[in-house]
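Please take them as a colleague's reading of the geometry and of the confidence scores.

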Amino acid sequence: MKKFLLAISLLLSAQLAEAVIETYDFDNEEQEQLYYEIISELRCPKCQNQTIADSDASLSRDLRFIVQQKVKAGETKGQILNYMQERYGDFVLYDPPLQPANYILWFSPLIIFLIILVVVVIRVGRRTIDPETGDVKMNDTHSNEKGE
Amino acid sequence: MANKKILITSIPIVIFTALVVVFWFSLGSDPTELPSQRIGKQVPEFNLSNLHNPEEAFTHQDLPKKPFLLNVWATWCVSCHVEHPYLVKFANQYPIPIIGLNYKDVRVDALEYLNKGGDPYLFSIADEDGTLGIDLGVYGAPETFIVDGDGVIHHRYVGVIDERVWNTVILPKVKELDPSLVDVEATQ
């Protein structure tokens, strides 16, 4: 049993060691939460597919430090994200703002969904069901190509 | 109804062609290259020490009053070691000032490096905490900013400047800003 517990605790500590290291002191819990919220929404410019919370690049460490300083100085989330965006562009924001350059990103899923919806409604609407037998009959001559 | 059949069978072909076009153009672009947010803006204000003399400080007012290059480098940056001999050569060959921004480096290491490899810089700014680097949006040294005589940033090049980059990117852009360079030839 002792061995088992030891093994478990070793495994757990290994997990902890992977998390990002520095611990900052904050004046209150809201600040700390804000800090973690912001660093998990900023993308590391150096290492592309990580947030600065995940990344161990020295640039991410610097940016975390700046976020921490600004949170402690009482800046709002908007101000801090704006500061980063001014320097590194929309790229650093994991939640990019809506603007003409990325309309396709925001609206293409909606447009594709609408197209599918329209096609389904048209095709389903063409069917008639015989009320006596319950048979589905396709009025659409093109949809029963198999029978042709 | 043959028309409709043709239409339906052509959909996959159209989608395939569109994908080929999209992928073809994505092949040419480097996803790690980010557009600079500072183009068309002034070099951010700074007050940082001279790399060669920690007592002396530089501010943005010390920047040259003619078009120049601002080169961000560090001794820990491997690509900067590749770039360095080129910069020394271009600094000797061209009347274009190059300002060094020694980014998050150890002063003695940086000075020893310049002593050994040659110093291509008109002057060197020591950005030990990386504050100016972050204000400039630096994310990977070496980075080179092309700045005009009024301190406005016109272009940023991320990566090593070798002969090809100098001749095709840097020199043409500096020439645009500085008419006195019109007769300067590209390097061989």
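This is a predicted model: local features need pLDDT of at least 70, side-chain atom pairs count only at pLDDT 80 or more; totals for chains, interfaces and linings use all residues.

**Notes on the two-chain model**

1. I begin with the arrangement of chain A, where the C-alpha centres of domain 1 and domain 2 lie 46 Å apart. The division places residues 20-96 of chain A in domain 1 and residues 102-143 of chain A in domain 2.

2. For the complex, the predictor reports an ipTM of 0.75 together with a pTM of 0.74. Chain B has an average pLDDT of 89, and 98% of its residues score at least 70.

3. On overall dimensions, chain B has a radius of gyration of 22 Å, whereas a compact globule of 188 residues would come near 16 Å. Taken along the principal axes, the C-alpha atoms of chain B fill a box of roughly 85 × 40 × 30 Å.

4. The secondary structure of chain B consists of five helices and seven strands, and along the sequence these elements follow the pattern α-β-β-β-α-β-α-β-α-β-β-α.

5. In what order do the seven strands of chain B form their open sheet? The order is β2-β1-β5-β4-β3-β6-β7, with mixed pairing. The edges are taken by β2 (53-59) and β7 (153-158) of chain B, each of which pairs on one side only. Neighbouring strands of this sheet are turned against each other by 30° on average, with direction ignored.

6. Helix α5 of chain B, which covers residues 163-177, packs on this sheet and touches β6 (143-147) and β7 of chain B. The direction of helix α5 makes about 170° with that of β7(B).

7. Within the sheet, one pairing may be checked residue by residue: strand β4 (residues 98-103) of chain B runs parallel to strand β5 (residues 124-127) of chain B, and four bridges join the two. In this part of the model, B:Tyr103 stands opposite B:Asp127 in β5(B).

8. How many residues does each chain bring to the contact between chain A and chain B? Chain B contributes twelve residues and chain A contributes 13 residues. Sorted by class, the side of chain B that touches chain A has five nonpolar, five polar and two charged residues. For a reader who wishes to take the comparison further, the size of an interface is often given as the accessible area lost when the parts come together.

Technical notes. Residues are numbered from 1 along each chain as its sequence is written. Chains are lettered from A and ligands numbered from 1 in the order in which they are written. Domain bounds come from an automatic or database domain assignment. Two strands pair if DSSP finds at least two bridges between them. Axes are lines fitted to C-alpha atoms, for helices over the stretch in contact, and angles run from 0 to 180 degrees between N-to-C directions. Two residues are in contact if their C-beta atoms, placed from the backbone, lie within 7 Å. Ala, Val, Leu, Ile, Met, Phe, Trp, Tyr, Cys and Pro count as nonpolar, Asp, Glu, Lys and Arg as charged, and the others, Gly among them, as polar. pLDDT is the predictor's confidence in each residue, from 0 to 100. The radius of gyration is taken over C-alpha atoms; the globule rule is 2.2 Å times the number of residues to the power 0.38.
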